[in-house]
Amino acid sequence: MIPAPGKTLADLALRIATDLMPALNTEFTQADAGLITGLLLTMAQDYERAVDNRMQDMQEINALFAKLGADVPRHEARQTYLAKAPASYHLDPVTALHGEAFEHLIDVHAWAEEHDATLDAAIWELLRAHSERNKFDLPNM
């Protein structure tokens with residue numbers, strides 16, 4: 001068991017950045033190591049918050065969908081989606097249901113852009129909140 005996987009990934013990234021990168025002898029290998037370091041840091045951050053962020057997204061999407069009338073296309077499909085819950089709180093099933101939520105959101109957004117400016121604006125606000133929740137804080141290296 002790794003008691004703090006997010007911290008472990010960040011520690012590995014720091015080790016690459018401080019110990020290994022300076023010893024690399026070409027700009028390409030240093031840049032490659034820098035890219036790997038950045039990816040490890042983003043994985044560390046995402047690991048710590050992934051399920052929570054996806055669940056928050058789905059709560060906001062579900063609240064939006066619950067307010068929509070049957071006049072918005074694919075109403076039955078959204079209702080079927082709303083009746084679902086993740087099979088577990090492991091990342092894969094949560095991510096699968098999150099993906100389904102966004103598929104429906106894309107459909108609603110495409111319709112709203114042409115038919116409902118208020119709904120369109122509400123979806124943009126939801127997407128801004130999603131982006132803020134999921135942004136990465138990376139140190140300058």
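## Arg 74

At 45% relative accessibility, Arg 74 counts as partly exposed; that class lies between buried, under 20% relative accessible area, and exposed, over 50% (1.4 Å probe, protein chains only). Arg 74 is in the loop between α2 and α3. Helices here are DSSP runs (H or I, at least four residues), numbered from the N terminus. Phi of Arg 74 is near 65°, a positive value in a residue other than glycine. Most residues other than glycine have a negative phi.

## Basis of the model

This is a predicted model, in which local features need pLDDT of at least 70, side-chain atom pairs count only at pLDDT 80 or more, and totals for chains, interfaces and linings use all residues. Residues are numbered from 1 along each chain as its sequence is written, and side-chain values use heavy atoms, with hydrogens and water left out.

## The aromatic pair

The structure holds one aromatic pair. Rings of Phe, Tyr and Trp (its six-membered ring) pair if their centres lie within 6.5 Å; planes under 30 degrees apart are stacked, over 60 edge-to-face, and the rest tilted. Phe 65 belongs to helix α2 (residues 27–67) and Tyr 81 to helix α3 (residues 75–82), so the pair ties together parts 16 residues apart in sequence.

Both partners are buried: Phe 65 at 0% relative accessibility, Tyr 81 at 2%. Phe 65 also has a charge over its ring. The charged end of Arg 78 sits there, 5.9 Å from the ring centre. The test is NZ of Lys or CZ of Arg within 6 Å of the ring centre and within 35 degrees of the ring normal.

## Pro 22

Pro 22 lies in the loop between α1 (5–20) and α2. At 56% relative accessibility, Pro 22 is exposed. Beyond residues up to four places away in sequence, Pro 22 touches Ile 16, Ala 17 and Gln 30. Contact means heavy atoms within 4.5 Å. Pro 22 and Ala 33 are eleven residues apart in sequence and 9.8 Å apart in space, C-alpha to C-alpha.

## Helices α4 and α5

Helix α4 (residues 91–115) and helix α5 (residues 117–134) pack at an angle of about 145°, their axes 8 Å apart. Axes are lines fitted to C-alpha atoms over the stretch in contact, and angles run from 0 to 180 degrees between N-to-C directions. The contact includes Phe 102 and Trp 111 of α4 and Ile 123 and Trp 124 of α5.

Note on methods. Helices (H or I, at least four residues) and strands (E, at least two) are DSSP runs, numbered from the N terminus.
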